[in-house]
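Colleague: I have a model open and some questions about it. Can you walk me through it?

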Amino acid sequence: MDFCAIDFETATHEKSSACEMGICIVQDSKIVETKTWLIKPPSFPYFNKFNIAVHGIHPEDVKDAPTFDEIWHEAQEMMYGTLMIAHNAGFDASVLRGCLEHYGMFTPNLNYLCSIQLAKKSWNYLPKYGLKPLAEYHKIDFKHHRAGADAEVCAKISLLAFEKLFLTSNDEVQEYMKAKIKRL
């Protein structure tokens, strides 16, 4: 099983306002690397108070951070050729698209899958499928709403779901989840 889990935190409601990105790389069903970047969003220095309340990232935290276009090459290299998984993937995919569009960058040809959909197929008896309730159910501790930690927990939950569903390869995931896999 090879995939990357991705998570974004945003400064505002704008899809191009990523202020943090986390990527967790899984190769042969093992987490091999998690990387987090603070990002100076186009809205800098403006951050919405609601967003700050969610993730705790303030404008002064990113004042010296690179912009998305300055880190994307490194991130894309890590993600090359893999399935992208995110918890509430519609949001993260839209932020990635928004950032790429804002900077006039090419959108990679990536498939993505939502780990909420995986969790619902794996543990259809749970009352909630948010990242925090799933982590609590699986006894995984993490700092919620920080991109690297969220991406890593998404990867761990996805691996547990694949195990529960007896899915052992990307091809099996592709076949089993074909209706749920989207194109970036």
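Colleague: What should I know before we start?

Modeller: This is a predicted model, so local features need pLDDT of at least 70, side-chain atom pairs count only at pLDDT 80 or more, and totals for chains, interfaces and linings use all residues. Residues are numbered from 1 along each chain as its sequence is written, and side-chain values use heavy atoms, with hydrogens and water left out.

Colleague: Which residues does UniProt list for "domain: Exonuclease"?

Modeller: The unreviewed entry gives residues 2-167; such annotations may be inferred rather than shown by experiment. Over residues 2-167 the chain is 42% helix and 21% strand, taken as DSSP runs numbered from the N terminus (helices are H or I, at least four residues; strands are E, at least two).

Colleague: Glu20, then. Buried or exposed?

Modeller: Buried, with a relative accessible area of 3%. Buried means under 20%, exposed over 50% and partly exposed in between, with a 1.4 Å probe and protein chains only. Glu20 is found in strand S2, residues 18-27.

Colleague: What does the side chain of Glu20 reach?

Modeller: The backbone nitrogen of Ala147, at 2.9 Å. There is also a polar contact of 2.8 Å between the side chains of Glu20 and Arg146. A polar contact is a pair of N or O atoms within 3.5 Å; within protein, one must be able to donate a hydrogen and the other to accept it, and residues adjacent in sequence count only if both atoms are side-chain atoms.

Colleague: Changing topic: which residues touch the most other members in the largest nonpolar core?

Modeller: Phe3, Met21, Ile23 and Phe68, out of 58 residues. Helix H7, residues 147-164, gives the most to this core, with 8 residues. A nonpolar core is a set of buried Ala, Val, Leu, Ile, Met, Phe, Trp, Tyr and Cys residues joined through side-chain atoms within 4.5 Å.

Colleague: And how many aromatic pairs does the structure hold?

Modeller: It holds 4. One of them is Phe3 with Phe162, edge-to-face at 5.8 Å centre to centre and 80° between the planes. That pair links strand S1 to helix H7, 159 residues apart. Rings of Phe, Tyr and Trp (its six-membered ring) pair if their centres lie within 6.5 Å; planes under 30 degrees apart are stacked, over 60 edge-to-face and the rest tilted.

Colleague: Which residues form one aromatic cluster?

Modeller: Phe68, Trp72 and Tyr103.
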